[in-house]
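Welcome to this short tour of a protein structure. Keep the view open beside the text, and look up each residue as it comes along.

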Amino acid sequence: MSDYKLIGHNYITPDLVAKVTGQAKYAEDVRADGMLVCRLLGSPMPHARVRRIDASAALAMPGVRAILTADDLPVPPVAAAPSPPPAPGTSPAPAARSGAAGEGGRRGQRAIAVDEHGQPIGGAAPTPAAAAPAGTLVKAEAALTMEPLYEGEPILAIAAVDEPTAVAAIERIAIDFEPLPFVVDPLEGLRPGSPNARREGNVLLQGNRIVELKWTDADFAAAALGQLPAGAVPDGDAWSFGDVDAGFTDAALVVDESFVIPTTSHIPLEPRSAMAYWQNGKLYMHCSTQSLAQSVPAIARYCGISPSQVVLISPYTGGAFGGKNPAYLHVAIPALLAKKTGQPVMMKITRDDEMNIGRSRPGMIGRAKVGFAKDGRITAIDLFVVSDGGPYGRGDHGSGARLASVLYQPKAMRFRGVGVLTNTVPRGSQRGPGMQIAPAMELVISKAARTLGIDQVAIHRINAPAGKAPVGPPQRDGSRRYVTSAFVKEALDKGADLFGWHERKAASGTRHGSKVRGVGVAVGTYSAGSVGYDGLLTIEPDGKLYIQSGCGHLGTNSVFDTTRAAAEALDMPWDKVVITQGDSTRNLPWSCSQGGSQTAHAHTRANWAAGLDAKRKLQEIAAKDLGGRAEDYTVGGERVYRTGAPGRGLTFAQAAKRAIDLGGAYDGHELPSEINAMTKASATALAGRGLMGVAKDTFKHDGDTMSFVAGFAEVEVDVETGEFAVVDYTAVVDVGTVLHPRNCQGQTYGGSLLGMAHAIGHRWVYDRHYGLALARRFYHSKPPSLLDAPRFQWAAVNLPDPETPVGVRGVGEPPVGAAYGAVVNALVDALGDDAFRRTPVMADSVLASFEAGGKPARGALAFHV
Amino acid sequence: MAVIRGSMPSFELFQPTSVDAALALIGRHGAAARILGGGLDTFDALQDRVVQPAALVDLGGIAELQGIREVGGGLEIGAMTTLAEIARHPIVQSQFAVLARAAGAVGSPQIRNQGTLGGNVSQSTRCWYYRSGWTCYRAGGNSCFADTPTAVNREHAIFDLDRCVAVNPSDTAPALVALDAQMVVRSSRGERVVAAEDYFLGPDIDITRMTILDAGDLLTAIRVPATWAGAHFQFEKVRDRKVWDFPLVNIATAMKMSNGIIRDIRLVVNAVAARPRRLHEVENAVRGKPRDAATATLAGELAIKGAQPLRHNTYKVALTRNLVQRAIRG
């Protein structure tokens, strides 16, 4: 590992200068001759039916060119578009997913371990109910609707010569609405007789079927104030393994707590503006996206055309966090308006629009009952979660349970969950979906540690996954899946040293003036890799290595970092490498979606495969020209030469020319059969330019690839004002071999801060009487600012994953839950058990806990306040 | 007609270079004109399209509204002086530190570079119902949406509730009241000087505006008298984020001490009512008393007398009490 020349070393990514000088062009920077601007009109009500739209005055205005309504959209696809992922551990619904694979996206190519959201596919045995689907089949979310299901849901768009004209025109539109019943709190939506968020019911099942599910008065009465009732859940949202009852009977301590987790917006810096025009029957789309390759079929589906008609240009994306995966269904609006008007159309998405349509993480109420042995080992977990599905989603409860099952390695576990539809902003996968279970679990574990007299690090260590640790629900045959590797104990040990855990722990709880400190630790995890994608590169007669990257450039830089594996395999100096990305016309290979922290793993593998393919071809050409067998030749120093006789060889430039002479597989005129159709088309276009390395990743892979992070936090609380600060944070990442240290650091810091945001302030607020959102601006919704960030330290375990050739796993998501849990534990350490039952913890709840004199917080379990 | 946000409405922009010219413009356009200072309050409202003025009068080009001048041991601060300039001004720092600290606690560095003292004290409330365009009392309607059984009013008022429960969000306003500053207001009818304490209006006086500024009025300068120069000052702001946030509660104190005894004091809290709340009763009670824990306790309890918390802001009562205690205790 240490003899890698590129992997594990810092370098300057090729986008840096363009970004820091402002030359980088994002979707909204693009201009075209005759470009119109369109704006959206969102619903002023949380749920309504549009009876009539009178746009006559708007359309009569000079400069107004066209209106688009739901009637103009292509027939809605069967598939749920970028809606939250299926609950892991339940069977993926083939019907709901088939639309995701278009031309260039054969289903067989899809990741074995995870789907486009990074969620594992496969799992629990089907329930008998699955044979005869229950509920009403409903349409998936569309770009525009005549029955808005949340405030701000787009009803129509107007294209005009400029933005002020479009806005003025929208203000002249009269809409006759029929208000419909609504609900903004999922728990309220389960009460008997409560309104449903949708006319068909209140719970979305797999395959876009909706049922009505209400709990009984007895269910609610059985729960104490502040305790989550445990009513019925849909089939498929429940599983268990081991003997849960025995686990509790045998436990030395059982802790049972309920906890409210906020809904938070993704708020990428770049809103989802998009510019579209048509040329020769092809749609040219400039938008921001988490994946280049996988967005092409998705955009085609949104617009009702074939993937071969889509040209996607997306060299930069200003953040996505799971909310642009793949692209977003609203790209259909400028595409269809451009078709209607024959002019390019820029869809301008404001921050207000982005808050509405830009996806949010599902809030939850979790109730965790956990049994502990005297030494802190978890004997059983009984986890019950209600998640807020928004109007179109199922929530993250399934993913949360799966993460808990691997993080804490219970001997027995039962999970029940239900995602309830609400008339609030649409939910989607947000960086580490399901990680928000962290506070519900961590509150219980740190309380147990204090009760049992065990150190917080020790209790996490004794329950930590190690090696091929089991994960998730039982599969059809009763066995459980397992991870490829886990080095969590190593991460905890390293982190405790780096953070100075024991010294800080000794000092915590001491009051200095009005200030008191607390420390906390937690472990986070998420899926961190998929397999089976393609690598494509050419070594050309100029002696350079041209690597094609079909990944999206969402800011993680995996689009570049992973190509280092190909250069490494060929011992190519980095300054001779040219990377092509960001434009679907530029012959890119089929790639994974940049979700689920897949890319670093998937594409180091794919690039390594392409690099090895090119290396073999170099050796074969040398053997042909210079005699001997291919394996007698070494590749290095931009040459292929006889091992032991460096003088007998060819330069890469010479070998590239010979490859062109030889043709066939050497220059890409013959291609391997197993590569994806998109890769095949790209390779065909590049054939003859030099020596081609092209391959599908078929390396062995046993287990679910997951990464882990141990997080350590210290908080300082002012007991007189309730203000607090996260003063220090240390993360130690178990992400296999570190691919690019600086980038790994950036991902660790960024992910940690996102996790902390959930603990310290980020929120959505609704007025439940009117069903309208109040926290519309950043100073209302309060994502952390730079000064809220603690002093950061990080380190990596840096042990290679044994199930992937270069040992790299992903890093983007696992830091989130670790930081969330660690900060919650630190706050509990400072404030005392039972001080709060919800996050974000803010000055008011801290002060309320001090005013109550340490009496447990037992408020109602309300959402969005 | 449909409501859309996130786009600047059309208006006629005027950029006068003298106060007289500005007054002529706002006199001519009356209620249809809006005055533009640093823009931090105005651009939000414009982008939300909740205000759509026919004319915007930009004060940025008027030199006489800029800068800090020494006047008889005190200061005269032009209304368009930026918060950043005030926060770093040596005399403000050395003689009137409560104002320097208050100005330095506003928003973020970018906001302080752009935001002005006149704008900071004259800004409207940040009540999220009002700012989102709900037709409440303050917006000319006949209800308050922030004071209903389901309202989310964590950031709202605990004192002087009178139909509207919005709060004044200014950080510099309580500092100016503590310093007994004078507000210089000009209109076509002439100039008047008003004590900072009387500059702000509660809903009992006028529910649709937060200051005495009427159509045609212009705040031109703020005079800080020498009275409190070099006194003991405190300013504290409690907020949810360390930067770029409004106060949950803030407090400004000016105190004159001798031999451990509080000789004179002015104590002002903000973000607890529609106007900065000067704590006269506390001032009277602690004057002549030692600056110790007993006096602090007394002050804290007096400070919250009459508080009427709403469903979600009971914490503001304890917070106000604790901040007052801290200010007295030192």
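## A threonine and its neighbours

Leaving aside residues within four places in sequence, Thr422(A) is in contact with Leu149(A), Val183(A), Val184(A), Asp185(A), Pro186(A), Ala197(A), Asp388(A), Gly390(A), Pro391(A) and Arg427(A). Keep in mind as you look around that this is a predicted model. Thr422(A) sits in the loop between β19 (413-421) and α12 of chain A.

Is Thr422(A) buried or exposed? Its relative accessibility is 0%, so Thr422(A) counts as buried. The side chain of Thr422(A) has polar contacts too: one is with the side chain of Asp388(A), at 2.6 Å, and another is with the side chain of Thr424(A), at 2.7 Å.

## A valine in helix α12

Now step into helix α12 of chain A, residues 438-452, where you will find Val444(A). With a relative accessible area of 0%, Val444(A) is buried. Which residues does Val444(A) touch, not counting those up to four places away in sequence? They are Val255(A), Glu257(A), Ala368(A), Val370(A) and Phe372(A).

For a sense of scale, pick out Val444(A) and Ser682(A): 238 residues separate them in sequence, and their C-alpha atoms are 53 Å apart in space.

## An enclosed helix

Helix α9 of chain A covers residues 332-341, and eight of its 10 residues are buried, so this helix is largely enclosed by the rest of the structure. Which residues of α9(A) are buried? The list is Ala332(A), Ile333(A), Pro334(A), Ala335(A), Leu336(A), Leu337(A), Ala338(A) and Thr341(A). Just after α9(A) comes Gly342(A), with a positive phi of about 70°.

## Paired charges

Side chains of opposite charge can pair when their charged atoms come close. Over all chains, the count comes to 84 salt bridges. One of them joins Lys348(A) and Glu163(A), whose closest N and O atoms are 2.8 Å apart. Lys348(A) lies in the loop between β15 (345-347) and α10 (351-357) of chain A, while Glu163(A) lies in helix α4 of chain A, so the pair ties together parts that are 185 residues apart in sequence. Lys348(A) is partly exposed, at 23% relative accessible area, whereas Glu163(A) counts as buried at 16%.

Asp704(A) and Arg402(A) also meet through their side chains in a salt bridge, at 3.0 Å from N to O. Asp704(A) is in the loop between β30 (691-696) and β31 of chain A and Arg402(A) is in helix α11 (residues 397-407) of chain A, so this pair connects parts 302 residues apart in sequence. Both Asp704(A) and Arg402(A) are buried.

In chain B, Arg186(B) and Asp20(B) form a salt bridge with their closest N and O atoms 2.6 Å apart. Arg186(B) belongs to strand β6 (residues 182-187) of chain B and Asp20(B) to helix α1 (residues 19-29) of chain B, 166 residues apart. Asp20(B) counts as exposed, at 52% relative accessibility.

## Aromatic rings

How many aromatic pairs does the structure hold over all chains? There are 21. Among them, Tyr277(A) and Tyr284(A) are stacked, with 5.1 Å from centre to centre and 5° between the planes. Tyr284(A) has a relative accessible area of 19% and is buried, because the cut-off for buried is under 20%.

Trp501(A) and Phe712(A) make an edge-to-face pair, at 6.1 Å centre to centre and 65° between the planes. This pair links distant parts of the chain: Trp501(A) is in helix α15 (residues 501-507) of chain A and Phe712(A) in strand β31 (residues 706-718) of chain A, 211 residues apart. Trp501(A) and Phe712(A) are both buried.

## Where the chains meet

Finally, look at the two chains together: 47 residues of chain A are in contact with 45 residues of chain B. The area buried between chain A and chain B is about 4000 Å², and carbon and sulfur atoms give 56% of it. Glu171(A), Glu720(A) and Tyr779(A) supply 17% of the area that chain A buries against chain B, more than any other three residues.

Across this interface there are 12 salt bridges. In one of them, the side chain of Arg321(B) meets that of Glu851(A), at 2.7 Å from N to O. On the side of chain A that touches chain B, α24(A) gives the largest share, with four residues. That side divides into 24 nonpolar, six polar and 17 charged residues.

Key:
Residues numbered from 1 in each chain as written. Chains lettered and ligands numbered in written order. Predicted model: local features only at pLDDT ≥ 70, side-chain atom pairs only at ≥ 80, totals over all residues. Heavy atoms only, no water. Contact = heavy atoms within 4.5 Å. Buried area = accessible area lost by both parts, 1.4 Å probe. Salt bridge = Lys/Arg side-chain N within 4 Å of Asp/Glu carboxyl O. Helix = DSSP H or I, 4+ residues; strand = E, 2+ residues; numbered from the N terminus. Nonpolar A, V, L, I, M, F, W, Y, C, P; charged D, E, K, R; others polar. Buried < 20%, exposed > 50% of the residue type's maximum accessible area, 1.4 Å probe, protein only. Polar contact = N/O pair within 3.5 Å; in protein donor to acceptor, adjacent residues only side chain to side chain. Phe/Tyr/Trp six-rings, centres within 6.5 Å; stacked < 30°, edge-to-face > 60°.
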